[in-house]
Amino acid sequence: MSAENLVEIDNVSFAYAQREVLKGINLNVPRGKVVAIMGGSGCGKTTLLRLIGGQIKSTKGEVRIDGQVMNDLDQEGLYRMRRRMGMLFQFGALFTDMSVFDNVAFQMREHTDLPEALIRDLVLMKLDAVGLRGARAFMPSELSGGMARRVALARAVALDPMLILYDEPFAGLDPISLGVIGNLIRRLNDALGLTSVVVTHDVRESLAIVDYVYFVSEGVIVAQGTPDEIRKSDKPFVHQFVHGEMDGPVPFHYPAPAYAAALRLKAGHA
Amino acid sequence: MLRRSAAVLSGIGGRVVSAVWRLGYASRFFALTLLSSGTSFRRIGLIIKEIYFTGVLSLIIILVSGLFVGMVLGLQGYETLQTYGSESALGVLVALSLVRELGPVVAALLFASRAGSAITAEIGLMKATEQLTAMEMMAIDPIARVVAPRFWAGVISMPLLAAMFSAMGVFGGYLVGVVLIGVDEGSFWSQMQSAVDVKEDVLNGVIKSFVFGIACTWIALLEGYDAPPTAEGVSGATTRTVVTSSLAVLALDFVLTALMFRGA
């Protein structure tokens with residue numbers, strides 16, 4: 001294990017029943033960096049995030065976080081590790097029966113014996129960092145999508161984790177919220193000395209904030225590099241993905257029998 | 001022919017295996033809920049909050065239903081008893097019917113429909129919106145934090161709701177029998193007092209409602225926790241909660257009645 005890397009994914013494979021989703025993936029996340037895992041829908045990038053979070057176990061290979069092999073951890077060890085992680089879910093996953101304040105205070109109340117006055121100050125600091133100190137009394141149902149994501153971000157960093165995992169943080173946001181979330185991911189990472197893994201398919205926003213990118217397609221890493229290298233890449237898959245081209249290595253048409261045969265056209269009509 | 005028979009056998013086998021697997025899963029879930037109850041008792045506020053949602057908010061439907069059931073019992077009981085000139089036993093009929101059977105059973109059915117379905121829908125939606133996964137990722141066990149407090153709240157609320165249902169029912173019987181029809185008030189209450197036994201009738205009724213509370217809350221929690229995380233999944237789980245809980249209450253009532261009241 002390298003002390004430089006906080007997350008190391010070493011020849012990892014994973015299958016749901018008979019369907020192999022990841023096929024021998026190798027990936028490293030250096031400490032203090034923001035690393036993006038990109039790819040189309042269903043390519044296995046969320047599965048990778050779940051492996052890092054210990055929600056599922058790899059069928060082959062090792063996932064190591066801070067030198068600890070995730071597959072070796074029992075429930076208690078896993079929970080100990082997760083206390084040092086934060087996760088931002090695709091749609092926030094805020095607790096709907098609690099106010100914004102209580103959502104951010106939740107982990108502090110569950111995991112620490114801090115006095116309520118100190119929790120209040122800490123929560124206000126976290127909410128201020130995401131610009132929502134004024135919305136502390138709101139319920140999640142009163143928040144816009146972008147605001148909910150920011151509250152979830154404040155909640156994810158509530159206990160100052162070493163690693164933060166982002167599952168599609170840009171999905172379904174308007175351009176302003178998109179910029180705000182992207183900016184916050186970078187700023188919080190640098191200010192709090194975190195390490196971040198961002199799973200996304202949003203090219204423009206993520207290339208602007210991350211240090212390194214891994215491209216996953218059909219369960220394998222097909223390309224990797226810094227944002228600049230990715231932009232200049234002439235690999236067909238990367239080119240198609242970055243420029244949003246309709247056809248390419250990822251075909252527009254799902255595999256199907258010949259069109260003429262499907263329409264039952266006789267020879268000469270096709 | 002042979003292939004068809006094999007397919008039928010395999011279908012039956014599949015269903016049996018699936019039912020046994022489900023029963024095992026439900027038992028493990030129940031055991032896990034009991035084992036994870038420490039947090040709930042250390043932080044009693046968690047249970048009290050859930051008692052408000054499952055118990056206090058069910059009070060209106062329980063009290064109103066109890067009143068009407070008691071009033072109907074008063075009317076029907078009077079019609080039958082007057083044929084034999086035993087109108088004065090109306091209080092006994094109303095009280096025994098309610099304390100032994102109708103109180104625990106009808107209150108449990110209402111509890112399953114009102115509180116049980118709400119528990120399933122809430123937990124199912126928490127699962128669908130990744131709130132339970134978020135909790136796990138925060139190193140907080142959702143069974144200890146979400147499931148166990150709701151379980152104990154249901155178990156504590158159910159006997160209290162059944163008692164209130166019975167009390168309201170007796171009051172309804174009194175209103176119809178004594179106030180409306182004119183049955184003698186003294187014999188209504190005194191016969192009731194002498195015929196209803198605390199251990200045989202009241203305690204057995206409380207035991208029944210306690211068992212129903214365990215069954216209804218367990219089913220509601222299990223269905224919610226195991227619901228597929230989609231709109232259809234949650235709606236199907238909610239329906240199953242009401243149907244399964246109602247059937248379980250009626251079946252358990254028969255078993256408990258057979259054990260408690262064997263012609264004694």
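User: Hi! What should I know about the numbering and the model before we start?
Analyst: Residues are numbered from 1 along each chain as its sequence is written, and chains are lettered from A and ligands numbered from 1 in the order in which they are written. This is a predicted model, where local features need pLDDT of at least 70, side-chain atom pairs count only at pLDDT 80 or more, and totals for chains, interfaces and linings use all residues.

User: What box do the C-alpha atoms of chain A fill?
Analyst: Along the principal axes, roughly 80 × 40 × 35 Å. The C-alpha trace of chain B spans about 65 × 60 × 30 Å along its own principal axes.

User: Back to the strands of chain A. In what order do the four strands of the open sheet run?
Analyst: The order is β2-β1-β4-β5, and the pairing is antiparallel. β2 (19-30) and β5 (68-69) of chain A are at the edges with a single partner strand each, so one side of each has no neighbour in the sheet. Two strands pair if DSSP finds at least two bridges between them.

User: Over how many bridges do β1 and β2 of chain A pair?
Analyst: Strand β1 (residues 5-16) of chain A pairs with β2(A) over eight bridges, in the antiparallel sense.

User: How many bridges link β1 to β4 in chain A?
Analyst: Five, again antiparallel, with β4 covering residues 60-65 of chain A. There, A:Ile9 stands opposite A:Val63 in β4(A).

User: What about the six strands, in what order do they form an open sheet?
Analyst: They go β6-β7-β8-β3-β9-β10 in chain A, with mixed pairing. The edges are β6 (85-88) and β10 (220-225) of chain A, each with a single partner strand, so one side of each is left without a neighbour in the sheet.

User: Which strands pair in the parallel sense over four bridges?
Analyst: β3 (residues 34-38) and β9 (residues 212-217) of chain A. The bridge partner of A:Met38 in β9(A) is A:Phe215.

User: Now a helix. Which residues of α6 in chain A are buried?
Analyst: They are A:Ile181, A:Gly182, A:Leu184, A:Ile185, A:Leu188 and A:Asn189. They cover an arc of only 155 degrees around the axis, which puts them on the same side of α6(A) (the arc is that of the directions from the helix axis to the C-beta atoms).

User: So what do those buried residues pack against?
Analyst: They pack against β3, α4 (116-129), α5 (145-156), β7 (163-167), β8 (195-200) and α7 (203-209) of chain A. The face turned away carries the exposed residues A:Pro175, A:Ile176, A:Asp190 and A:Ala191. After the helix comes A:Gly193, with a positive phi near 65 degrees.

User: Last topic: how many residues of chain B are in contact with chain A?
Analyst: Nine residues of chain B are in contact with 11 residues of chain A. By class, the chain B side has five nonpolar, three polar and one charged residues. Contact means that C-beta atoms, placed from the backbone, lie within 7 Å. Ala, Val, Leu, Ile, Met, Phe, Trp, Tyr, Cys and Pro count as nonpolar, Asp, Glu, Lys and Arg as charged, and the others, Gly among them, as polar.

Conventions:
Two residues are in contact if their C-beta atoms, placed from the backbone, lie within 7 Å. Helices (H or I, at least four residues) and strands (E, at least two) are DSSP runs, numbered from the N terminus. A residue is buried if 20 or more other C-beta atoms lie within 10 Å of its own, exposed if 12 or fewer, and partly exposed in between; C-beta atoms are placed from the backbone.
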